[in-house]
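Here are my notes on this model, point by point. Please keep the structure open beside them while reading.

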Amino acid sequence: MCSEVGAVGPLTSSASSAVLRSAVLAPSIYNTQPWLFRCTTGEVEVHGDFRRALPVTDGENRELALSCGAALFNLRTAIHHRGFLPISTVRPRPGHPSLFAAVRPVPTAAPHRSVSRLAEAIPRRRTARAAVTACAVPDAVIAELRHAAEAEQSWLVVFAERQRAEVAALIARACRAQLADPQFRAERSRWSGRGRTSDGLPASGEFRRPAALTRAGHEVPLLVLIASFDDGPVAWLHAGQALQRVLLTATLAGLDAGFWSAPVEVGSARRELRALSGGAVWPQALLALGRGRAATPSARRDLAEVLIE
Ligand SMILES: Cc1cc2nc3c(=O)[nH]c(=O)nc-3n(C[C@H](O)[C@H](O)[C@H](O)COP(=O)(O)O)c2cc1C
């Protein structure tokens, strides 16, 4: 580990620290923060930290890569916001599977206002822990959310109102299947509450019940799926960037977002979700968008813990 953040190309050492502090505000599965960063003279490298993998919940390290993709999106956006174009390469050296991306900042004109708005939303975005309830989402906002996913080489499936109950039932079945597995329960409790101060999930309120989605007299909230055209490490890194761009776009539109990952984590449920999405794309992250109670900010590790020489 390394405690000093050096200058990276045109970024001063304090600007490098600032963009890394934005990167680590990304969401991550169980708040594992499975990323490491290496600053060279010209690039910031983003590495996956496989010591933080979840072999039961995420056996292929797909959600580990999604989480690092989300951090990569924050990094690119924060660099761009400071007036440098982030030239980013995913998996730059295929023989090094833990090197997920390299980002080279180069001087450019002032960023477009839309980049600055996304950058400003980074510290405001939080995962809704309590149930997300339905609210009207204008078509123009749905179009922006779709565009956010497509800009990152991914796809957004927006489930029609008539499909939402079916997706909610699939969420309930997948959650039941996970909870019936003692190894899943043990892995989840290792990352929850007590004793974890700079990573992991908060002590209480983190596990919403699927029944919250289908309460009598309440509409099921808008359910959207980040999906990709392929299913492998490169597609997962793009999907993670799309996930974060969609989440920041939702934040800017005043929407709260909660995750429902069980149907993407349980193989049989993922196949059903793929079929429900038309069969052509690969499900990566399922979100409920609407109104949620404000969550307290979740913990993050110090930069010194995520920097490598
Ligand atoms: C790939 C991925 C899957 C996630 N799945 C869930 C989930 O199923 N349920 C949930 O409540 N949060 C889920 N989260 C959100 C994380 O718990 C959250 O990002 C982390 O605790 C940090 O909190 P923050 O997003 O508020 O910064 C997921 C995040 C990622 C990146």
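1. Basis. This is a predicted model, in which local features need pLDDT of at least 70 and side-chain atom pairs count only at pLDDT 80 or more, while totals for chains, interfaces and linings use all residues. Residues are numbered from 1 along each chain as its sequence is written, and side-chain values use heavy atoms, with hydrogens and water left out.

2. Ligand shell. The residues of the shell divide into five nonpolar, six polar and seven charged. In total, 18 residues surround the ligand (a heavy atom within 4 Å counts as near). The closest are T127, R129, S261, S298 and R300. Helix 2 gives the most to this shell, with three residues. Helices are DSSP runs of H or I with at least four residues, strands are runs of E with at least two, and both are numbered from the N terminus.

3. Which residues place polar atoms by the ligand's oxygen atoms? A polar side-chain atom of T127 lies 2.6 Å from a ligand oxygen. For R300, a side-chain N or O atom is 2.6 Å from an oxygen atom of the ligand. S28 uses a backbone N or O atom, at 3.2 Å from a ligand oxygen. Taken alone the ligand exposes 620 Å², and the protein buries 92% of that (Shrake-Rupley areas, 1.4 Å probe; for residues, only the protein chains shown count as cover). A polar contact is a pair of N or O atoms within 3.5 Å; within protein, one must be able to donate a hydrogen and the other to accept it, and residues adjacent in sequence count only if both atoms are side-chain atoms.

4. Domains. The chain is divided into domain 1 (13-123 + 298-306) and domain 2 (139-290), with bounds from an automatic or database domain assignment. Their contact takes 35 residues from domain 1 and 36 residues from domain 2 (contact: heavy atoms within 4.5 Å). The domain centres, taken over C-alpha atoms, are 21 Å apart. Each domain supplies at least three residues to the ligand shell.

5. Helix 1. Why is helix 1 largely enclosed by the rest of the structure? Eight of its 11 residues (13-23) are buried. Buried means under 20% relative accessible area, exposed over 50%, partly exposed in between (1.4 Å probe, protein chains only). The cover over the buried residues includes strand 1 (35-39), strand 2 (44-48), helix 2 (62-81) and helix 10 (303-306).

6. A23. This residue lies in helix 1. A23 is buried, at a relative accessible area of 0%. Beyond four places in sequence, A23 touches F37, A71, N74 and L75.

7. N31. Look in the loop between helix 1 and strand 1. N31 is buried, with 5% relative accessible area. The N31 side chain reaches the backbone oxygen of A299 at 3.1 Å. Contacts of N31 beyond four places in sequence include W191, D199, S298 and R300.

8. Backbone check. N61 is not a glycine, yet has a positive phi of about 65°. N61 sits in the loop between strand 2 and helix 2. Q153, also not a glycine, has a positive phi of about 60°. Q153 is in the loop between helix 4 (139-150) and strand 5 (155-158), and counts as exposed at 53% relative accessibility.

Note on methods:
Ala, Val, Leu, Ile, Met, Phe, Trp, Tyr, Cys and Pro count as nonpolar, Asp, Glu, Lys and Arg as charged, and the others, Gly among them, as polar.
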